[in-house]
Amino acid sequence: MANLFYDEVLRWDYHASMNFPQYIPSLKKQTRNYNQPVPTTFKTAAEYIQVFTNMVLLECWHAIKSPSDEDTPSPVPFTCTLLKTFDYIDSYNPQYGRKRKHQLQGRVSDVFVTVSKLEFVKSAAFCNDLILLSQMPEKKETTAATIFPDPKTPHVFAHIVNVRFKGNHDVTLKVKMIPLHELGFFEGAKLQGIRVSSFQREYTAVMNLPKMVMRNHILKGTVKTINSAKNDNQLLQYTIESFGINQSQAQAVISSQNNSLTLIQGPPGTGKTKTIISLIGSLLSQPNKPVPDNYKILVCAPSNAAVDEIVLRLKDGIDGYGGLVIKPKVLRLGKKESVNVNIHDVTLTAINEKELEFHKIDFYLKQRRSLYESLEESQIQLEAINKQLNFLKETRKKNEKLKNEAKEIQNKLLSIKRKLSECHRHIDNYNSQRNWKSRKAIKDCCILCTTLSGAGQFLVSAQKIDFKTVIIDEAAQAVEASTLIPLLYNCKRLVLVGDPKQLPPTVLSPVAFGLGYGRSLFERIYMNASKSVMVLDTQFRMHPEILNFPNQQFYNGNIKNGAKVYEKTYRKWHGKDSKAFGPLCLFDMDKSHHKKHLKTMSLYNEFEMELVGKLFELLRKILFDNCFRIKKKEKDSIGIISTYKRQAEMLEKKFIKKFGEKSLEFVTFNTVDGFQGQEKDIIILSCVRAYKDDVEDKNVGFLQDLQRMNVALTRAKCSLWVIGNFNTLRSHPTWARLYNSARSRGYVFRVEGDLSFKWINEENEEEKTGIEEQKGKDKNTELYCHFDRLQETIVF
């Protein structure tokens, strides 16, 4: 199936329009129709495959044409030389009873090119990358500007199949591409590295839908959940006591045991991860049901952070039914640098390094590098001597000294080659053992944890292992094609855990997004069968005052506060005499306005940055001493988040400059999108977007996204402080309702130009919103404060 993906992509014309990929004109092949929307249900597997392969290809095309990271440097091109191409292949023709040769024009074939190692490393391309090969113009410098913008230059995409480093200077690439007559046997080419392996895995998963056990659920987009917990109070109580969970969590665990497909909606702070761990414990210790020896569970999530959080709770053992403590074999797949340092001991890399004595192979790798350098140096010396000997031979002169030097170098070369052969033998032996150990570790583990894309890597798919149970966390944040990847392993029980009320999947292509690709499989099923979804209804994260508005606005008031959540989230600065540091505060900077960064076009607001700094200065006096040592026993964490990336970046730089690198140990900076799934004791939210008073159309941009708003308002445990220009924000009805809700509870402050502020409550006639009439007047409801005096009102 991977070949089908590359057969499609390698035909694309790099210079086609931004929105849709098109084939190279010389292939004379009609491009597929990309305008099919994603329906909520599908009649046939063929329809499903057609729609979602289109979506995957649109995403891949947009990733090629417009890298998502604004800091991505321009492509680094380099010259490469053609070594060999297969213009013909042999195929068996039964009519003639013999093999015949067929020309490969328009077909994918293998091409070998050599490139400079230095230039190749700079390009950041490697095995499985997609590259762009172009004919180099004559007498022109090798720069990106000379090739990529020019539609007239013959070019073709290629897929790097193999990379082989030769000595210290050259690299040989084996690539798959469509040989075009226009390219010919070119001497020079440009190369741009583009990683598309995740799209290839999604494409493969979609194409394999007909083979999946879950195909009917996926096509119909429905689920019929049998909630057996309602009819078995004894089992429900036994589950609650065994795992220390609440009733809604126990119902979700029991339902997942008894249904082929279960959706668990976990609103913020309701214990999604705890439910997943309890479910795994229940599956490995079911009463009166012995667990098979080869029973395996595949746990996935779109992000590394979500996977790591689950592994952290699994690695030291989990509870089972009846007080049983289970210590399953857990294996975490993923690059070492992408994995939490606290779980390195259960990663495949750590297991291999421990069992295979990595320090020995490291010695041979270094020795091989040194030998290649010596080999190249000796070859250069021998070549120089041979030139001198050839010159002397032409002049009929002899030089025995040069001949002896040549023999010595030849003997040295033979010795180096023997040592290199020995090095290669040790390295090949190590690689063979590593591959065997890796395969064995995957087969022996009970719980395999990886990202959705990681589940599709060859190391897993080549094992042909059945994962009868697949659990996907943050399922509402994954595009549907990505969710299919872990279902390739004969999955018979699928548990999707997520919350469609929070941020949806990230979709790169505006065309794909407009066609409905931004709707996850979780959300598609939720739309068709919301009554069959198991909902976790008790939250343990937030102070009740923080939960109040999101609960009413996004969850119809159905979320309950857990036992003692108020006591756990109460802080002494919540007292009546310090309302400016209450559990919820809205700081209204109605005189502020945003600016736009010319390069990134992202917005930032310097006025809000100043207030964030002032708030942190006071927090620093309350929580830390001047060296950031904790004053109290408990360590309160702080998160500063913004709806705009530029604002978060500038805030972090300003903090480092003013408070030093040490401050980053206690303060985390990120965008709202990047903070989903995380929580902090104190959250300061900078909304950024703010118009001047004379602007009539106060569009709030993507602040109007209610899923993003929900995430922003539910990250704090103890205190949430929202900074924004509410004259602008209240132009959106939901932000207006937040303002009114906070004001009715006495949590709104107007910030003056000198960063002093006054408390406003619902009865203050001076602060009319224009949305509803305020009645009554009480001069004692105004509380004037300044940061330098505010600390005195807080008593510890």
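Predicted model: local features only at pLDDT ≥ 70, side-chain atom pairs only at ≥ 80, totals over all residues.
## Spaces inside

The structure has three cavities of 30 Å³ or more, and the largest cavity comes in at about 40 Å³.

What lines that largest cavity? You'll find Glu545, Ile546, Phe549, Pro550, Leu584, Leu713, Leu720, Leu738 and Arg745 around it. Sorted by type, the lining has seven nonpolar residues, two charged ones and no polar ones. Helix α17, which covers residues 544–554, gives the most to this lining, with four residues.

## The listed binding site

Next up is a stretch picked out in a database record. An unreviewed UniProt entry lists Gly266, Pro267, Pro268, Gly269, Thr270, Gly271, Lys272 and Thr273 under "binding site". Two of these residues get a closer look below.

## Proline 268

Proline 268 sits in the loop that runs between β9 (261–265) and α8 (272–283). Is proline 268 buried or exposed? Its relative accessibility is 4%, so it counts as buried, the cut-off being under 20%.

Leaving out residues up to four places away in sequence, proline 268 touches Asp499, Gln502, Gln539, Arg541, Met542, Tyr555, Asn710, Thr714 and Arg715.

## Lysine 272

Lysine 272, also on the UniProt list, lies in helix α8. Which residues does lysine 272 touch, not counting those up to four places away in sequence? They are Gly266, Asp473, Val497, Gly498 and Leu536. One of them, Gly266, is itself listed for the "binding site" in the unreviewed entry.

How values were computed. Residues numbered from 1 in each chain as written. Heavy atoms only, no water. 1 Å grid on protein atoms, 1.4 Å probe; cavity = no way out; pocket = protein on both sides within 12 Å on 5 of 7 lines; lining within 4 Å. Points joined across faces, edges and corners; volume = space filled by probe spheres on them. Helix = DSSP H or I, 4+ residues; strand = E, 2+ residues; numbered from the N terminus. Nonpolar A, V, L, I, M, F, W, Y, C, P; charged D, E, K, R; others polar. UniProt positions renumbered as here; feature names shortened; annotations may be inferred. Buried < 20%, exposed > 50% of the residue type's maximum accessible area, 1.4 Å probe, protein only. Contact = heavy atoms within 4.5 Å.
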